Amino acid sequence: MLKTILAILANQHFDVEIAKKIASQIECDFFIDRAPENLDTHPYVLMVDGNKIYLQQTGRKAPGPIFAEFTEGAVDHRRKFGGGKGQMIAKAVGIKAGVYPNILDATAGLGKDSFVLASLGSQVTLLERSPIAYCLLENGLNRARDFAQENDPELLTVINRMQLIQQSSHDYIASLKTENLPDVIYLDPMFPEREKSAEVKKEMAAFHSLVGKDEDADLLLPLALAHVNYRVVVKRPRKAPFLNNQTPSFQLEGKSSRFDIYTVKKMPEKLTRS
Ligand SMILES: C[S@@+](CC[C@H](N)C(=O)[O-])C[C@H]1O[C@@H](n2cnc3c(N)ncnc32)[C@H](O)[C@@H]1O
């Protein structure tokens, strides 16, 4: 099914080997030297362009590319000037001075939330099951690591706190042993109505339609609650119903989204993980 809607495109001949590898992993066709606006066989392409991989809608009026980015733009600005531990996401997961829970982000996507959590001092394991999202995220992390090694030791520390795994969270969480439970499990599954919202940029609509609607997301909540030390945090659009129709212990509400927090056990006053 993916084969009919997505192709892999190598921008130049030296990108071919990487493009071929991705094409075999995702089981898609690949093309060389074709501009996305001239490709009328597939509505989307995954473009390999030097060290950068991005998702692009094809056709003349297509919106801009989608990629994971940690060295510039909104997430970089937020790391440097974004309010630190005062941010709502920090309160939701319980990060504060002396308390740095390790976090399992079971719906990693393009890694923005995980990056914020890692920049606040937590170790984060990121799980992503979509081969497209995984490919974009892995590429964003690799580029950030390369950049940071040369230019930004602080950023390198943040990137080194993030460990990405390509796996379904249902399988991963179910296999966790009692002695290895994460302190916090963070869930931000796709929400179907997001696609209709004016807030969702056109570019992101491409990502949503390829990655899918996460219709099995309800099942994650009871599973997560049975495999976590302290709390499960669910990010939802502000007016969305509770995940799995389950009422949280408390909520934090922002302008467009909210956090539903399900407490299993009180977090200790001091908590540092390496
Ligand atoms: C809304 S996005 C998450 C956005 C992310 N919080 C960010 O800041 O970029 C949801 C992502 O979770 C992934 N996902 C949903 N259910 C999953 C599961 N059971 N296992 C692994 N990944 C899952 C989807 O493939 C999608 O990429």
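Guide: Helices (H or I, at least four residues) and strands (E, at least two) are DSSP runs, numbered from the N terminus. This is a predicted model in which local features need pLDDT of at least 70 and side-chain atom pairs count only at pLDDT 80 or more, while totals for chains, interfaces and linings use all residues. Residues are numbered from 1 along each chain as its sequence is written.

Visitor: How many helices and strands does the protein have?
Guide: On that DSSP basis, the secondary structure of the protein comes to ten helices and 13 strands.

Visitor: What is the radius of gyration of the protein?
Guide: The radius is taken over C-alpha atoms, and the globule rule is 2.2 Å times the number of residues to the power 0.38. For 274 residues the rule gives 19 Å, and the value for the protein is close to that, so the protein is as compact as a globular protein of that length. The radius of gyration is 19 Å.

Visitor: How far apart do the C-alpha centres of domain 1 and domain 2 lie?
Guide: Domain bounds come from an automatic or database domain assignment. The protein is divided into domain 1 (2-57) and domain 2 (73-272). Their C-alpha centres lie apart by 28 Å.

Visitor: Which element gives the most to the side of domain 1 that touches domain 2?
Guide: Two residues are in contact if their C-beta atoms, placed from the backbone, lie within 7 Å. The contact takes eleven residues from domain 1 and nine residues from domain 2. On the domain 1 side, helix 2 (16-26), strand 3 (44-49) and strand 4 (52-57) give two or more residues each. The most, four residues, come from strand 4.

Visitor: Which residues come nearest to the ligand?
Guide: A residue is near a molecule if its C-beta atom, placed from the backbone, lies within 6 Å of it. Helix 5 (112-119), strand 7 (124-128) and helix 8 (169-174) each supply at least two residues of the shell. Of the 21 residues around the ligand, the nearest are Thr107, Gly109, Lys112, Arg129 and Ser169.

Visitor: Is Glu27, with its positive phi, buried or exposed?
Guide: Most residues other than glycine have a negative phi. Glu27 has a phi of about 60° and lies in the loop between helix 2 and strand 2 (30-32). A residue is buried if 20 or more other C-beta atoms, placed from the backbone, lie within 10 Å of its own, exposed if 12 or fewer, and partly exposed in between. Glu27 has 11 such atoms within 10 Å, so Glu27 is exposed.
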